[in-house]
Amino acid sequence: SEPRLGIEAADDCICRYVCEVIEQQCGFTINTDEQLLRYVRQLCASLRTTLSTMDVAEITIPIPSMGRNVSIQVCRSDVEQALEPLLQHLSQAFVLALKDARLGPDEIDRVVCTGEPAPGIGAGIDGFFGSEVVRRSECPKEMSARGAALQGQIISGDLVDVVTMPTLDRTIGVKTADGKITPLIDKGHTIPTTKSETFTTE
């Protein structure tokens, strides 16, 4: 539920870095061309995957207004540095999740990594939890299917010795006229739930 931590956020970080490199090398600002920016972002998604297993990759970007193609080499270390702010947000999310669970990193037995790879992110997860508990061999689709199957068994009553308790990951409230948020349902509360409170208008 944290938009800053999705794979799109990683592609945005890499795209900003690539745009800066191109501007430094040829003086062209890609951000002024929306169509070209979308193309570069697609290239950066492929670049992220490539640099997860390789140290250097080259991309070629056609710039119609300049009448030529621009080729640049991108190093894995440079992309890792570009993704450093994202890794910091990720670490903060880990700290908050562990605090909510009243656990420490050494009390986690298994961390399952799913989704697409990004340079440096895996190493950051290893550094936080310890590489011995991190698992990357699981198929993301299979993990999602397992969770759905488990929830289906619980709802149907076929599985009675396991209880899942969906909870809110953030506090929900109503913004009033003074600009303040009045909390209604606190973070961590099990759902579904109901809460009522009367508000008046001027």
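Guide: Let us begin with accessibility: a residue is called buried when its relative accessible area is under 20%, exposed when that area is over 50%, and partly exposed in between, with a 1.4 Å probe and protein chains only. This is a predicted model, in which local features need pLDDT of at least 70 and side-chain atom pairs count only at pLDDT 80 or more, whereas totals for chains, interfaces and linings use all residues. Residues are numbered from 1 along each chain as its sequence is written, and side-chain values use heavy atoms, with hydrogens and water left out.

Visitor: Is Glu-138 buried or exposed?

Guide: Glu-138 has 13% relative accessibility, so it counts as buried. Helices (H or I, at least four residues) and strands (E, at least two) are DSSP runs numbered from the N terminus, and Glu-138 belongs to the loop between E4 and helix H6 (140–156).

Visitor: With which residues is Glu-138 in contact?

Guide: Contact means heavy atoms within 4.5 Å. When neighbours within four places in sequence are set aside, Glu-138 is in contact with Arg-110, Val-112, Cys-113 and Met-143. By contrast, 25 Å separates its C-alpha atom from that of Leu-96, which is 42 residues apart from Glu-138 along the chain.

Visitor: Which residues touch the most other members of the largest nonpolar core?

Guide: A nonpolar core is a set of buried Ala, Val, Leu, Ile, Met, Phe, Trp, Tyr and Cys residues joined through side-chain atoms within 4.5 Å. The largest one here has 40 residues, and Val-18 and Ile-125 touch the most other members. At least two residues of this core come from each of helix H1 (7–26), helix H2 (34–50), strand E1 (56–63), strand E2 (68–75), H4 and H5. H1 gives the most, with 10 residues. Val-18 touches Val-40, Cys-44, Leu-47, Ile-59, Ile-61 and Ile-72, when residues up to four places away in sequence are not counted.

Visitor: At what angle do the axes of H4 and H5 cross?

Guide: Axes are lines fitted to C-alpha atoms, for helices over the stretch in contact, and angles run from 0 to 180 degrees between N-to-C directions. Helix H4 (residues 84–101) and helix H5 (residues 121–129) have axes that come within 10 Å and cross at roughly 35 degrees. On the H4 side the contact is made by Leu-86, Leu-87, Leu-90, Ser-91, Phe-94, Val-95 and Leu-98, and on the H5 side by Ile-121, Gly-124, Ile-125, Phe-128 and Phe-129.

Visitor: Why do the buried residues of H5 line one face of the helix?

Guide: The buried residues of H5 are Ile-121, Gly-124, Ile-125 and Phe-129. Seen down the axis of H5, they fall within an arc of 110 degrees, so they line one face of the helix; the arc is that of the directions from the helix axis to the C-beta atoms. On the other side of H5, Ala-123 and Gly-127 are exposed. H4, strand E3 (111–112) and strand E4 (134–135) are among what covers the buried residues.

Visitor: Which backbone features deserve attention?

Guide: Just after H5, Gly-130 has a positive phi of about 105 degrees. Arg-102, although not a glycine, has a positive phi of about 55 degrees. Arg-102 lies in the loop between H4 and E3 and is exposed, with a relative accessible area of 74%. A cis peptide bond, with omega about 5 degrees, joins Ile-191 and Pro-192; Pro-192 is in the segment after strand E6 (181–185).

Visitor: Where does Arg-170 lie?

Guide: Arg-170 is in the loop between H6 and strand E5 (172–175). At 43% relative accessibility, Arg-170 counts as partly exposed.
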